[in-house]
Amino acid sequence: MSPGGREVTITIDGREVPAVEGEMLHDAARKGDVEIPYFCYEPKLGDPVGACRMCLVEIEGIPKLQTSCSTPVREGMVVHTRTEQVKEAQNSVVEFLLVNHPLDCPVCDKGGECPLQDISYGWGPGKSRVIDEKRHFEKPIELSPLVAIDRERCILCYRCVRFSQEVSEDDQLQLIARGDRTYVGTFDDRPYVAPFHGNITDICPVGALTSYTYRFRARPWDIEHAGSVCTLCPSQCNVSFTVRDEKVKRVVARDNHDVDDGWLCDRGRYGFEMFDTPERVTGPRLKGGEADWEQALEAVATGLRAAAGIDHTQVGSNSDAPSRVAAIVGDASNEEGFLVQRILRDALASPNIDSRPSRGPRAAVLRRLAEPDVSAKVPDIDEADAILVLGTDPLHSSPILDLRVRKAIRRNGAKLVVATERPTALDGGAAATARYFPGEAGLVLSELGKCLRGEGHEVDLMAPLADVLREASRVVILWGERVAREDGAAEALLEVAAALGLAAEDGSGLLEVPDTANARGLREAGCLPDAGPGLVETAAGRSTEEIRQGLIDGEVTHLVLFGADPLRDFPDTPAWEEALTAADFLVSFSMHENATTAKADVVLPLETHAEKDGTVTHPDGRLQRVRPSASRPGDIRPNIQVLAELASQLGLDTGIDSQPTAFAALTAAVPFYNGIGETDIGGRGIRWQETSSATNLPEAGPASGPGSPDPPRSLSADPGPDAPLTLGTYRDLWAGPVTELNPPLKFLTPHQRLEISSQDAQRLDLKNGEAVRVSQNGSSVDAAVLIKERISPGTVFMAEGVAGANANALLNGGPVQVKIEKLNEARA
């Protein structure tokens with residue numbers, strides 16, 4: 001709800017208050033520092049419903065009291081919030097709500113931070129005339145494995161139901177029965193399981209909805225709230241950690257309209273219990289066992305020094321031979337990535353560093369994609385006329401963007417078009433959809449560009465999408481990083497942006513959905529094989545896949561992994577197994593023990609996002625501050641200090657000894673970060689594109705390089721009944737350590753499924769739930785069949801990162817064709 005009317009002046013309790021014509025009276029009063037009590041009103045939920053009647057006010061010229069949450073303001077409106085008539089109404093509403101509400105505040109988890117409690121003291125009558133027995137329900141009821149509902153406390157404000165129906169659009173929560181017997185529930189009492197359902201505990205104004213992970217864990221006077229940023233996915237939602245005894249006990253949303261709209265996915269909300277899991281790396285470890293920090297850092301420095309051909313008295317390599325040292329950076333802050341690349345380039349004279357799980361575009365293309373004119377910010381989605389989702393399913397890759405797109409469609413009538421390999425959760429609201437085969441994103445973009453320029457044909461697959469986009473003024477393109485893994489695809493994307501004129505239209509642009517949480521920040525900090533800090537071109541080194549091949553060939557012998565787990569997260573698991581086994585010296589910075597750390601010569605602990613101090617960069621270019629909120633278990637040290645000490649032992653004086661000095665060095669090295677201070681970032685972040693330093697972005701340079709690849713088949717061609725099946729993969733929201741290491745989330749751990757079209761299932765005589773073995777080039781993964789109508793014939797899909805059945809084992813750098821056998825036949 002963003003009224004665009006003229007400015008008006010209204011009078012509230014004798015005070016003139018400026019307002020915007022059309023905005024709700026309650027919002028205008030709040031801006032004028034006038035407090036009006038309410039329960040049901042929540043702007044994030046959409047249009048007000050006026051259900052609780054708590055916000056009644058008197059308006060001159062209207063005989064009856066009006067709900068301030070649903071009354072738009074107009075010029076000259078005179079409002080009274082403290083008359084006897086208003087007070088009597090407010091007293092009556094509170095008294096009515098307390099007729100059946102149990103007075104169990106001392107044992108209620110909401111006690112001390114409860115709006116009903118506050119309003120009862122501030123606007124209630126202070127006594128009740130009702131002496132009859134209160135209504136009773138069974139309590140608490142397991143609404144889901146994570147959320148309990150106490151129906152005796154529910155005041156029927158509708159907030160949770162509206163969230164389910166109008167925000168997440170899962171439509172699971174309903175108001176059941178009628179009158180005084182109405183209650184909140186699900187159809188047939190089924191568990192409410194959805195990716196965002198934990199938000200209902202935040203918006204409940206009473207203690208009716210509570211989280212099992214926080215019930216009876218702490219009281220408001222025992223805790224502290226610490227604002228930070230969640231780095232479990234690229235959404236980078238703003239959060240507030242509830243901390244007791246220096247341990248995180250709860251994670252709640254910290255509203256930031258420019259990032260998350262005040263919502264959290266359940267992964268970020270409930271993922272905190274992995275901070276203290278037994279698998280946590282709590283101190284340095286060598287191959288022979290635990291070690292102290294001095295021993296561990298000396299072992300790392302000695303190993304890397306030998307590989308680079310340097311001695312402890314000199315900086316840089318003594319040899320002109322190609323460097324045998326490489327590094328891959330994954331879960332890291334901007335400052336940590338900056339320090340790792342400095343160690344590689346300046347201390348070890350090695351350009352072999354990357355932060356991408358697989359291949360990616362050249363630095364020149366990345367600079368073109370980073371240009372402010374073609375960059376969209378998250379709020380642009382809200383006002384877009386059309387949205388193109390390309391090569392990604394936001395629900396799994398960046399969940400909060402899924403809610404943002406739904407909001408744009410529902411509230412502003414945005415037209416959605418989707419072009420992906422695999423069906424997405426957003427397809428149902430799309431005006432047009434297109435399916436393409438894995439590895440054909442470049443061809444899809446090339447065809448879309450032709451259609452937009454009027455060079456295509458009406459029968460082209462992308463023609464319906466082009467028609468929708470062409471008619472829109474403001475267009476936002478959400479594109480997945482995986483699109484850019486294909487040669488020429490990123491360049492084709494830029495051609496689509498040019499055909500749509502995105503650079504010339506405010507509110508239009510490209511918004512990447514990367515594979516990792518701080519992908520953009522690490523690239524801009526210099527964690528790329530052909531670009532240093534600020535995307536400035538450097539001598540070319542090895543990319544991630546080239547590092548892997550170098551290890552196998554013996555050309556790379558020493559590898560540093562900072563927050564990266566190739567055996568779990570990178571394509572071609574067998575090749576990575578061979579590469580890590582072949583490494584002479586492997587250093588792994590890791591938060592938890594895993595298959596990769598088991599191969600490491602030295603393992604060093606990483607901080608969680610609740611413990612570290614630093615910055616990250618949102619996919620739209622917003623620098624945000626990650627602040628330490630909880631204590632570090634065991635013998636974990638700040639990562640920045642560890643890296644600075646390692647650099648010192650390698651003979652490199654970075655001048656860095658803390659987060660402030662690291663941030664200062666980062667902003668000095670990245671031209672378009674110049675001048676940005678920590679006060680500029682504050683609690684909400686700042687987009688570097690909106691600062692004066694944005695003009696310092698290096699010029700993109702010539703767009704030379706490989707073009708879009710020739711497709712293996714036409715996009716619109718029928719693959720034929722006997723064609724081999726092409727495998728596509730995706731990252732499931734719940735696949736990975738965050739789910740497996742958090743007891744509350746373990747029930748969501750996915751099992752591997754083979755998603756297949758009904759036509760192909762019929763051809764192969766496969767049935768839903770049937771066990772199969774999927775094989776390719778000597779590797780195989782077992783899965784259960786899941787027949788989906790919207791899967792394109794000729795393709796099948798499996799999830800990456802699934803424990804014990806990882807689809808990454810079947811990938812080898814491009815689209816692969818797989819063999820499918822029924823499991824009983826395969827065993828025979």
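**View 1. Salt bridges between domain 3 and domain 5.** Between domain 3 and domain 5 of this predicted model the count is 2 salt bridges, a salt bridge being a side-chain nitrogen of Lys or Arg within 4 Å of a carboxyl oxygen of Asp or Glu. Helix H18 (566–569) gives the most to the side of domain 3 that touches domain 5, with 3 residues; helices are DSSP runs of H or I with at least four residues, strands are runs of E with at least two, and both are numbered from the N terminus. Local features need pLDDT of at least 70, side-chain atom pairs count only at pLDDT 80 or more, and totals for chains, interfaces and linings use all residues. Residues are numbered from 1 along each chain as its sequence is written, and side-chain values use heavy atoms, with hydrogens and water left out.

View 2. Ser 358 lies in the loop between strand E17 (353–354) and helix H9 (363–370). Ser 358 counts as buried because its relative accessibility is 4%, where buried means under 20% relative accessible area, exposed over 50% and partly exposed in between, for a 1.4 Å probe and protein chains only. Beyond its neighbours within four places in sequence, Ser 358 is in contact with Arg 485, Thr 544, Glu 545 and Pro 571, contact meaning heavy atoms within 4.5 Å.

View 3. Phe 241 stands opposite Val 251 in E13, and 5 of the 7 residues of E13 (residues 247–253) are buried.

Note on methods. Two strands pair if DSSP finds at least two bridges between them.
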